[in-house]
Amino acid sequence: MKALKHLNQYFYNYRYRLLIGTLITIIARIFTIAVPKFVGDSVAIIQQYLNKEVTEITDVKSQLIMNIALIFGSVLIAAFFTFLMRQTFIVVSRYIEFDLKNEIFLHYERLSLNFYKKNRTGDLMNRISEDVVRVRMYAGPALMYSINTITLFIIVISYMFSIAPKLTLYTIIPLPILSIAIYKLSVAIHERSTIVQEYLSKLTTFTQESFSGIAIIKAYGIEPQTNTNFEKLSNLSKEKNIHLVKVQALFFPLMVLLIGISNLLVIYIGGQQVIEGLIDLGVIVEFIIFVNMLTWPVATVGWVTSIIQQAAASQERINEFLDQMPEIKNHANSITKPVSGAIRFDNVSFTYDDTNITALQNISFEVLPGQTLAIIGKTGSGKSTILELIGRLYDVTSGTIYIDESPIPKLHLNTIRQAIGYVPQDPFLFSDSISTNIRFGKENATIKEVHQAAKTAAVHTNIMDFANGYETILGERGITLSGGQKQRVSIARAVIKDPKILLFDDCLSAVDTETEEEILGNLHQISKDKTTIIVSHRISSAKNADKIIILEDGHILQQGSHSELINKEGYYQELYFKQLSEKEL
């Protein structure tokens, strides 16, 4: 249960509610144990009448009616307080579930990009959903029934000892056996619950990836193969669940057996004591009711134990991610002054630790505010890495990146990222309206600003052709739009932010040449006071830049302006004439 210590902070936050719930539980159980007492009294009165100790039948009837009224009243009060008990504990568990999900989600947001390269989306989703649900069961029903059972045991056993100590000792003989059995079964449940949750994560990941890649599955006609793989994984998950349930199934029969033994001991030992005149017959009736009253709480011990073990396994999985610290840490204590956009790389090298690939080696260049830098190179040359380092999605392996002559780690992360408009190579759009997707760049943007940003990105006309225009709801990852439209909506999202630094990562690859020219012309107008970096494979996207860098295997192969580079033998000149010939053809 060490993993569950993480929840103590939440129990402390709701301590007053839990204390009230405990008090309500005690009151409910006090009224509950009143019922066997009144039943026992009723049996004792009848026994006295049969033994001629009481001769007036009217006295017997009046006493029985009084006891029935007290039993009925006790049951009603106990039921009312039991209802309040459930309301208190279950509501607290929902609050804890809410808080824990928020904690996990906020931590997910803080974790670095590298974390998401190493972990699958389905597993992340399972830990914030299924695992949290299992933890909630511990914070709610398990806690409630534990307090209820402990309270009932203390009150009932104390009362039983007060009226028949010897009979009570015989009655609780099975409890040590029960404790040992629960311990042994709990260990097995914990181990098997962990395995079950791992397979549930695998199943979630498989289905999530299958749904996301459904177009590829259909295009390649591999539905049968995918279904076969899903069945194999489902069957393995089923086997692990059955393996767990087999252990859980031992609990209830074991509880019933031990309770039955207690009943037999009460009848046998109690009967002997009645014959010897040590106790009344009503005490045996009380004890039988008490033992059976403890049947459900004792039975829930197994269920609660199972819940706790499953919750511990789930919380252990949750803690595994909560214990991971972000690789990109905010070293600045407060938000620094807004940046003007000057960027300088000084002997920067970077190696991806997940693949051990060195993407950049001793890169140095400078871009001043208002200037445009174009970066060209083959696939894998390190172009996108430069943009990711500017946005501080990663920290450099060696060297220093300066923004406005301040080393980038000394700037507040919010300062850096608020100053950047980033259009990735693979644009991501959310399952929402087009206008909302554009407004991710500026939440309070007016519809006029949204339209203007779309016009700058040359996508306004396309959007207006849709039946619902800007309120068109996109499918997952923007599947409703074509590749070029997704790229242009992403450009609009960056432009509407009006940042000091614009980063475009090959974001015009899916548009035709005419549209590219229109967008580049529009960007040229709005980027006069901004630092712009364009990554591209096309000379047409780079030719108007103030400076062009050619990358190869993480090194700067060439740099200069368009006019300088086309007159110099090398990669740029060859690429220029090659693309010129393709255009003419």
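A salt bridge here is a side-chain nitrogen of Lys or Arg within 4 Å of a carboxyl oxygen of Asp or Glu. The model is predicted: local features need pLDDT of at least 70, side-chain atom pairs count only at pLDDT 80 or more, and totals for chains, interfaces and linings use all residues. Residues are numbered from 1 along each chain as its sequence is written, and side-chain values use heavy atoms, with hydrogens and water left out.

**View 1. A salt-bridge network links Asp123, Arg127, Asp131, Arg317 and Glu320.**
Within this view, Asp131 pairs with Arg317, and their closest N and O atoms lie 2.9 Å apart. The two residues come from distant parts of the chain: Asp131 sits in helix α6 and Arg317 in helix α13 (residues 295–322), 186 residues apart. Helices (H or I, at least four residues) and strands (E, at least two) are DSSP runs, numbered from the N terminus. Are Asp131 and Arg317 buried or exposed? Both are buried. Buried means under 20% relative accessible area, exposed means over 50%, and partly exposed is in between (1.4 Å probe, protein chains only). Side chains of opposite charge can pair when their charged atoms come close.

Glu97 has 10% relative accessibility, so it counts as buried. Arg136 counts as buried too, because its relative accessibility is 10%.

**View 2. Arg392 and Asp395 form a salt bridge.**
The closest N and O atoms are 2.8 Å apart. Arg392 is buried, with a relative accessible area of 0%. Asp395 is partly exposed, at 28%. How many salt bridges does a search of the whole structure find? The search finds 14.

**View 3. Six strands make an open sheet, in the order β6-β7-β8-β3-β9-β10.**
Pairing in the sheet is mixed. Two strands pair if DSSP finds at least two bridges between them. Which strands stand at the edges? They are β6 (420–423) and β10 (555–560). Each has a single partner strand, so one side of each is left without a neighbour in the sheet. From one strand to the next, the twist averages 15°. Strands β3 (residues 372–377) and β8 (residues 531–536) run parallel and are joined by 5 bridges. Leu373 has Ile533 in β8 as its bridge partner. Helix α19 packs on this sheet and touches β6 and β7 (501–505). The direction of α19 makes about 175° with that of β6. In a regular strand the side chains alternate between the two faces of the sheet.

**View 4. Helices α19 and α20 pack side by side, roughly parallel.**
The axes of α19 (residues 483–496) and α20 (residues 513–526) come within 13 Å and cross at roughly 5°. Axes are lines fitted to C-alpha atoms, for helices over the stretch in contact, and angles run from 0 to 180 degrees between N-to-C directions. Angles under 35 degrees count as roughly parallel, over 145 as roughly antiparallel, 65 to 115 as roughly perpendicular and the rest as oblique. Which residues of α19 meet α20? They are Arg488, Ile491 and Val495. Across from them, α20 contributes Thr515, Ile519, Leu523 and Ile526. The contact residues divide into 5 nonpolar, 1 polar and 1 charged. Contact means heavy atoms within 4.5 Å. Ala, Val, Leu, Ile, Met, Phe, Trp, Tyr, Cys and Pro count as nonpolar, Asp, Glu, Lys and Arg as charged, and the others, Gly among them, as polar.

**View 5. Strand β4 pairs with β1 and with β5.**
β1 and β4 (residues 398–403) run antiparallel, joined by 5 bridges. Asp346 has Thr400 in β4 as its bridge partner. β4 and β5 (residues 406–407) are also antiparallel, with 2 bridges. Ile403 stands opposite Ser406 in β5. The β4–β5 hairpin has 2 residues between the strands, and there Asp404 takes a positive phi near 55°.

**View 6. Asn356 and Asp506 have positive phi without being glycines.**
Asn356 has phi near 65°. It lies in the loop between β1 (343–352) and β2 (357–367). Asn356 counts as exposed, at 62% relative accessibility. Asp506 has phi of about 50°. It is found in the loop between β7 and α20. Asp506 is buried, with a relative accessible area of 9%.
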